[in-house]
Amino acid sequence: MDIDVKNLHPLEVKLLRYVNAGEDITEERIANGLGYKTGQCNQAFSWLSAKGCLEEVSRTKRTIYELTDTGRAMQKEGLPAERIYSFLKDNGPHAMPEIASALSLEKSDVGSAFGLLSSKGSLKMNDERKAEIAGEIADEVKIQRSILDKAAAASFLDESSLSDEEKKAIAPLSKKRGASSSPFRIQEREDVVYHLTADGEKTKDAVIKANITGEEFGVLTPQMIQTGAWKNGTFRPYGINAPTSRLIPGRRNAYSEYLQWVKDKLISLGFEEFDGPLVENEFWNGDALFMPQFHSARDIHDVYYVKDPVHAKQIDEPWLSQVAATHENGWQTGSRGWGYTFDHEFTRRQVLRSQGTVLSAHQLTKAHVPGKYFGVVRCFRYDQVDATHGADFYQTEGIVIGKDVNLKNLLGLLKMFAEEIAGAEEVKYVPGYFPFTEPSIEVHIKHPVLGWFELGGSGIFRPEVTEPLGIKEPVLAWGLGIDRMALMHLGLNDLRELFTPDIESVRTRRGN
Amino acid sequence: MPKIEVPENIFFHLLGKKMTDDELVDIFPVAKAELDGHDKENSVIKIELNDTNRPDLWSAAGVARALKCYESGVIPHYDFFSTADDEKPSDGRMVIDDESAIGIRDYSIGFAARGKTVDNDLLVNLIQSQEKLCTNFGRKRKTIAMGIYRSELIKYPVHYAAVDPDKTKFVPLGMDEELSLREICAKHPKGKEYGHIVSSFPRFPYLYDDNGDTLSFPPVINSARIGAVEIGDSDFFIEVSGPILDDLLLAVSILACDMSDMGFEILPVKCRFAKDTPYGREITVPYYFQKPATASLELVHHKLGEELSAEECIKALQKMGVHAAVSGEEITIQVPEYRNDFLHGVDIVEDIMIGHGLASFAPVMPADFTIGRLSPVEEFSRKVKGILVGLGFQEMMYNYLGSRREYIDNMHVTGDDAVFIANPMSENYEVIRPSVLPCLLESESVSGHAVYPHNIFEIGKITVKDAEDNSGTRTIDSLGFFSSNVAVGYNDAASYINTLMYFLRKDYTLSEAGDDPRFIPGRAAAIIYKGEKVGVFGETHPQVLESWGCSMPSIMAEIDLDKLMM
């Protein structure tokens, strides 16, 4: 066993330095030699045994007689028998009650002492029924006296040290329980003897070699600094690899931090953040994006409808008229439109925002040219909730407006995202399809960990989207699948985990 | 996105050669397709199609046609299309639409095909193409329903009318007994699935031949005799019904081209309408209805950022199966028979981009200088988060949709201000959260094992009703925080609020929170800022803790950051 001696407690260090191989190590010896209290001895023994430095070689049970407070008083003032004998010797015969009252003894104690002394011929009852001296004091009493004296010197007596006579004499003076009125308490003790093990010897050598004495300073106190006491010694070295305690800090959420990092990246690339309400209407959620009102993605099974109010009060002009005309016949956009009758009630129906592009459409009505905008926004999708689908989730979307932005700029933008945000090793573009962009491009990247995957979708907004919202210039639109990278960043594989309510799991989560 | 599964042998036969999976992965993007899987055991290729506006690509023949054309530059020619000026012989085959169907399901048109005996693979593939067209393009048969029939059993002309659903009876496919149209809606599996499309009308669509034999009850089910196509059949009549004529013509054209590619001879059928159409009262189907589309070379250059020549544009379009000519600055294309997705010049631009090869366009960074900027609420939120983290709070993030039980019942509030979903998928996600506090309490309820104290917060959106807003709702950027521990109390909450407000430089006052069942009466306060209530905090009422199954005392607070920012 490898023991870092710096981790040893001073109680262990001092004990190790005090003992040698082959010696019996007992509580008595350590208490006497090092001044340890019983509890300290037990701590040192148990820690060093656990470390394999000490081994138990024997364990002996024994009975001891411990002097009680009553016993101590009796030793000083005399045994009842001694006191009665001496009283009668000095004052002549007295009746039993007189003796009890003169010596402040219980009548029963006087009775039993007289019984003992008279049976041995030390006292006798005369004709006047008074006790008087009859001979020498009994041997039994002398033995009890010597036991008391011995016990007072040693604080307790070991049964094994008593002669048979002494054992007989101590019996009436001792009790196991409720012993406070008796001179002696009987106790059972175990004596454990330890020996230093080979590991113990090694550790002892290491302690000596490291010059650790156990007398080093522990905690540095303000007093030590004020008095300069620290100058008179050395500090106990601490084990630098000792187990640390757990701290629970105030902390940011790891997923939120990742999204913040993405936002900061986009800011650094010249994008301005947009945001918006969760409740949208069909106009902005679909119509403004030139998705025909009969489009399959606008079905009741794809969008959450708001129960109340069912409809928005109004859709702002001129956007409504221009978008409606674009759907019907293309308006002034050069498109032939979808060729159906635009439903002005349906367009006001309220839904939960189903795609981040909705906010890009809103932004068109207030955008500057040139301009770059983005949002990391919560969207709602009508999907069964499972490991890869959440009821609500973040989409990262944005637009770039400029007089001459074109496909090649779009590819440049995607390349920049791929490298800056996803750390892509390779980038591949393939034609994609979105109802609101033409051309449409998907960007696939080779990620150092995830391999090839689709990072996002993009395109140039159709004129049917931009022109009815007042933008003549081309607009590049893009969306990035951030969640997949977020999961990898956080070491997770279930989207639901991103929004877990479990405090412990959030406390311990960390990004790569 | 439509997905199809095609037998290898059919696909490679249509393609004219075999290709490896790697080769397919490389070439598929020109048709906006992805190799979704290759079941080698059953020799089936799985393909996902991404362009929801290109139903011609949702079949083995369609994908194969696009790939073949892209590689060879040879545009396929189909000689069976009639035009307004050139009517192909229909040899007595005819469909007559009756005016009774107008307003119910206006049109039925069709064509015939013969010359190839169908085996199992071919039949499955044909039915799959039909299903994709009716389900994805035809919106689950609402706008397109298609039937395939045994042509040799039909006595032309075929009649299409709307009839009494109780008096008209026939034996539907998959059943033995004769049922009325209304009974089919109630009893037949397809009736239960699609009957609702027509069941609100007094009369139901019905297709029958000149002998009075039933073909089908569109858009629900074929008859068990003429409508029961089997392996070994080689003569077919294909009929399409729906309310939008252009969609029907396109669906017919797609299926006719597919079947022609598979080796069938396409036989035109004359269709007589019951009302005026842009193409007259009578046309022969398949019918070429598309008009030429145009795009200027300038548009091409501007969108693609590359000065492609007229020849390069024509060549690129040719690879996409599109005939094009350039006159002066204008490109005019002849739309392929099986496509109808050219709405604007930009649609031509995209075909040129794909045909020219996306890899040939070099990425260029946009040159415009713009200033990056966070939204004001994001900036403010970051300040707030910094202070709360410093106070020892853990930031949380929650879903915004939940149940009435969590957001309302457990909070002992009325929920009058909550915005509910009209069509929830489950009662677990039926309302947008009107407050951050129930989310924080949910955390508490599932985190008994986590070391106390629990100090948590979130800044996120909530939505409440607001009659003054155009939407009748208001989305609020809200801060909620929560602390639970033995002996936590009002004073702790007040101290947190005070510290937060001090560092945000916001002067506030407190007033009695009033009757708020979420807090212990007399131990909650409203936060007043600039004369308006912006938040509330206090000791959580034990009835709320009990509802959430929590047993540790707690305090909580919620503040409207939009108002506090002002």
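1. In this predicted model, helix H13 of chain B (residues 437-446) is largely enclosed by the rest of the structure, because 8 of its 10 residues are buried. The buried set consists of Leu437(B), Pro438(B), Cys439(B), Leu440(B), Leu441(B), Glu442(B), Ser443(B) and Glu444(B).

2. What do the buried residues of H13(B) pack against? From chain A there is helix H19 (503-508). From chain B there are helix H12 (404-407), helix H15 (542-547) and strands S23 (454-465), S24 (473-484) and S28 (554-560).

3. Val443(A) lies in strand S13 of chain A, residues 437-447. Val443(A) counts as buried because it has 26 C-beta neighbours inside 10 Å, where the cut-off for burial is 20 or more.

4. Leaving aside residues up to four places away in sequence, Val443(A) is in contact with Leu414(A), Ala418(A), Val427(A), Tyr429(A), Leu455(A), Gly456(A) and Ser458(A). His94(A) is 349 residues from Val443(A) along the chain, and their C-alpha atoms are 122 Å apart.

5. In chain B, strands S10 (residues 204-208) and S11 (residues 214-217) pair antiparallel over 2 bridges, with Tyr208(B) opposite Thr214(B). The two strands make a hairpin with 5 residues between them, and Gly212(B) in the turn has a positive phi of about 90°.

6. S11(B) also pairs with strand S12 of chain B (residues 221-222), again antiparallel and over 2 bridges. Here Phe217(B) has Ile221(B) as its bridge partner, and 3 residues link S11(B) to S12(B) in a hairpin.

Technical notes: Residues are numbered from 1 along each chain as its sequence is written. Chains are lettered from A and ligands numbered from 1 in the order in which they are written. This is a predicted model: local features need pLDDT of at least 70, side-chain atom pairs count only at pLDDT 80 or more; totals for chains, interfaces and linings use all residues. A residue is buried if 20 or more other C-beta atoms lie within 10 Å of its own, exposed if 12 or fewer, and partly exposed in between; C-beta atoms are placed from the backbone. Helices (H or I, at least four residues) and strands (E, at least two) are DSSP runs, numbered from the N terminus. Two residues are in contact if their C-beta atoms, placed from the backbone, lie within 7 Å. Two strands pair if DSSP finds at least two bridges between them.
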